[in-house]
Amino acid sequence: MSDNNTTILDVTNLHTEFRLNSNRKNKKLIAVNNVSFKLKKGETLGIVGESGSGKSVTARSIMKMVKPPGYITGGEILFNGKDLLKLNNNEMKKVRGREIAIVFQNPTTTLNPLFTIGSQMIDSLNAHFQISKEEARKKIIDTLKKVGLTDAYTIISKFPCEFSDGFIQRIVLAMTMLCEPKIILADEPTTNLGVTVQQIILKSFKMIQENTGVSIIFITHDFGVIAQLADRVQVMYAGHIVESGNKIDILSKPLHPYTKGLLETVPSFRRTVKGKHLKAIPGFPPDMSDLPKGCAFVSRCSRKIERCEHEIPSLEHYANMNRLCACFNPIYDY
């Protein structure tokens, strides 16, 4: 974690929706609903939530990679003081990869199976820099070593199909760092990988941050991953941020019932709570195109009160806990 308090990314009231073909006129799925947060230099911000909570759409919105029927309909995304939403396509292409890079869940879709790793990494460099083949090769070797891939000369001569998915993810991470971006958006990069491989990927992220000071937004459904990597955490549900704060505070004393429910699904956290067993959050996430009138979590919540049925809670600061939470009946009984 960096002690630098400089904000590198400032997202304010981001709103992204999908316009659906339906017999109902103007039917919309609101995937990101007035989301606001800041990212500091050298910091890792964890975004956690179930599938469909809006995590990945938030990342794609920052990169302006949302395609029709998806539309970014409101908000501001300031990167070093410049609003990304006001950039045209050519201006945004200079930001993607060079200033802000994204690592996706499935690494095999990032690489072309017909070309060697080395040739694809050189192409990635050439897209942003005027650089000789010899200089590019040296930079590629050095970057592969930064993520712990010491056999770099062998790696660049091989094709993607010659490596496992976990190994490819490390190569993609190295490729991401070739252009020395200021921010990495990591969208579920350890999902579907074994525990051992997952730990290697997380170690690679830590190595990169220590070597470069890059800021990271790490998106996942797994609080176990967040516990190892993040400095601060924001929890998303049904397109909203429902809780935000320091990682240690949220892990030890979650305020929102949804946050507590997510933590109770992680074995390492459940063991510490008086021998309680793992348990799932009851019910299912709501239909994002037909949200309830009040709190989106109301049908699954054991702490709901009458107000929850009719009003949407706003994200408010809890002064004594240095925390933001959107709940009419937060948890205080610790």
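## A buried aspartate and the chain around it

Let's start inside the fold: aspartate 187 is buried (under 20% relative accessible area, with a 1.4 Å probe and protein chains only), yet aspartate 187 has no salt bridge, a term that asks for a side-chain nitrogen of Lys or Arg within 4 Å of a carboxyl oxygen of Asp or Glu. The nearest side chain of opposite charge, arginine 60, lies 5.1 Å away. This is a predicted model, in which local features need pLDDT of at least 70 and side-chain atom pairs count only at pLDDT 80 or more, while totals for chains, interfaces and linings use all residues. Residues are numbered from 1 along each chain as its sequence is written, and side-chain values use heavy atoms, leaving out hydrogens and water.

What joins the side chains of aspartate 187 and serine 56? You will find a polar contact of 2.8 Å there; such a contact pairs N or O atoms within 3.5 Å, one able to donate a hydrogen and the other to accept it. Beyond its neighbours within four places in sequence, aspartate 187 is in contact (heavy atoms within 4.5 Å) with Ser56, Val103, Phe104, Gln105 and Ile219. Aspartate 187 itself sits in strand β7, residues 183–187.

Stepping back, the chain has 11 helices and 12 strands, taken as DSSP runs of at least four residues (H or I) and at least two (E). The chain is as compact as a globular protein of 334 residues, because its C-alpha radius of gyration, 21 Å, is close to the 20 Å from the globule rule (2.2 Å times the number of residues to the power 0.38). Of those 334 residues, 48% count as buried.

Notes: Buried means under 20% relative accessible area, exposed over 50%, partly exposed in between (1.4 Å probe, protein chains only). Lys and Arg count as positive and Asp and Glu as negative; His and the chain ends are not counted.
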